[in-house]
Amino acid sequence: MNKSVRVEDLGRKDFKATWDYQEQLFKAILDTKIKNRREEAVLETDNHFLFVEHPHVYTLGKSGDISNLLLSEDELAKKDATFYKINRGGDITYHGPGQIVGYPILDLDNFFTDIHKYLRLLEEVIILTLAEYGLKSERSAGETGVWLDVGTPFARKICAMGVRASRWVTMHGFALNANADLGYFDNIIPCGIRGKAVTSMNVELGVEKVDENEVKAKLLKHFSALFEAQLI
């Protein structure tokens with residue numbers, strides 16, 4: 001089993017271009033697995049972890065409801081935002097500047113073959129990272145992602161998650177609001193969940209800007225520990 005994970009920070013990159021790149025890496029891993037099965041080969045499969053920041057974009061998961069997007073095409077254009085219906089789970093979400101997006105593209109055969117465990121560990125990466133900033137976050141029953149003040153009238157989401165998996169290979173991932181413009185969430189019903197707010201680390205900490213490189217380093221530290229991965 002190959003537990004090495006190649007980390008790339010793509011900087012600011014268009015959503016569709018990043019999606020295409022994810023698909024390329026995803027397909028390469030699947031092709032290796034198919035070759036191994038057909039030819040009884042023993043080629044190692046690769047693992048990747050991409051960091052990226054997207055320009056303003058709304059994405060709708062395969063089980064999502066388009067009515068949760070509250071903007072017309074013209075209104076999207078006025079807000080300099082794009083929209084894509086994509087092949088991850090979940091409903092609608094927003095990506096944009098000030099948000100740390102992580103896309104682990106892993107062959108879970110190298111780690112464990114359990115999608116539920118995979119999602120819970122991704123959530124735990126976020127929970128442990130936020131704890132280093134004094135923010136107590138947690139899971140919300142039946143709602144993937146990471147939240148603050150669950151079970152109170154002040155519940156608010158700080159990190160959204162949505163993944164795709166095929167033959168135990170993952171893609172897509174999480175979006176942690178570090179310094180996000182929360183106004184863009186007003187244009188959707190986030191994740192199709194009405195009546196719950198969205199927040200960002202800088203808002204919760206009462207600072208103008210969180211050091212995103214520092215947050216990424218902490219995310220990788222906890223990811224490496226929880227997945228017992230070697231980052232390269």
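A polar contact is a pair of N or O atoms within 3.5 Å; within protein, one of them must be able to donate a hydrogen and the other to accept it, and residues adjacent in sequence count only if both atoms are side-chain atoms. What you're looking at is a predicted model, where local features need pLDDT of at least 70 and side-chain atom pairs count only at pLDDT 80 or more, while totals for chains, interfaces and linings use all residues. Residues are numbered from 1 along each chain as its sequence is written, and side-chain values use heavy atoms, with hydrogens and water left out.

Let's start with the whole chain. Its secondary structure comes to 5 helices and 12 strands (DSSP runs numbered from the N terminus: H or I of at least four residues for helices, E of at least two for strands). The radius of gyration is 17 Å, close to the 17 Å that the globule rule gives for 232 residues, so the chain is as compact as a globular protein of that length. That radius is taken over C-alpha atoms, and the rule is 2.2 Å times the number of residues to the power 0.38. Of the 232 residues, 53% are buried, meaning under 20% relative accessible area with a 1.4 Å probe, protein chains only.

Now find helix H1, residues 15–39. At the N-terminal end sits a cap: a side-chain oxygen of Asp-14 lies 3.0 Å from the backbone nitrogen of Lys-16. Just after H1, Glu-40 takes a positive phi of about 50 degrees. The buried residues of H1 include Phe-15, Thr-18 and Trp-19.

Val-52 is buried, with a relative accessible area of 5%. Leaving out residues up to four places away in sequence, Val-52 touches Thr-18, Leu-10 and Tyr-103, among others; contact means heavy atoms within 4.5 Å.

Finally, back to Asn-179, in the loop between strand S10 (169–177) and strand S11 (197–198). Is Asn-179 buried or exposed? Asn-179 is buried, because its relative accessible area is 14%, under the 20% limit. Its side chain reaches the backbone nitrogen of Val-210 at 2.7 Å, and a polar contact of 2.8 Å joins the side chains of Asn-179 and Glu-212.

Terms used
Buried means under 20% relative accessible area, exposed over 50%, partly exposed in between (1.4 Å probe, protein chains only).
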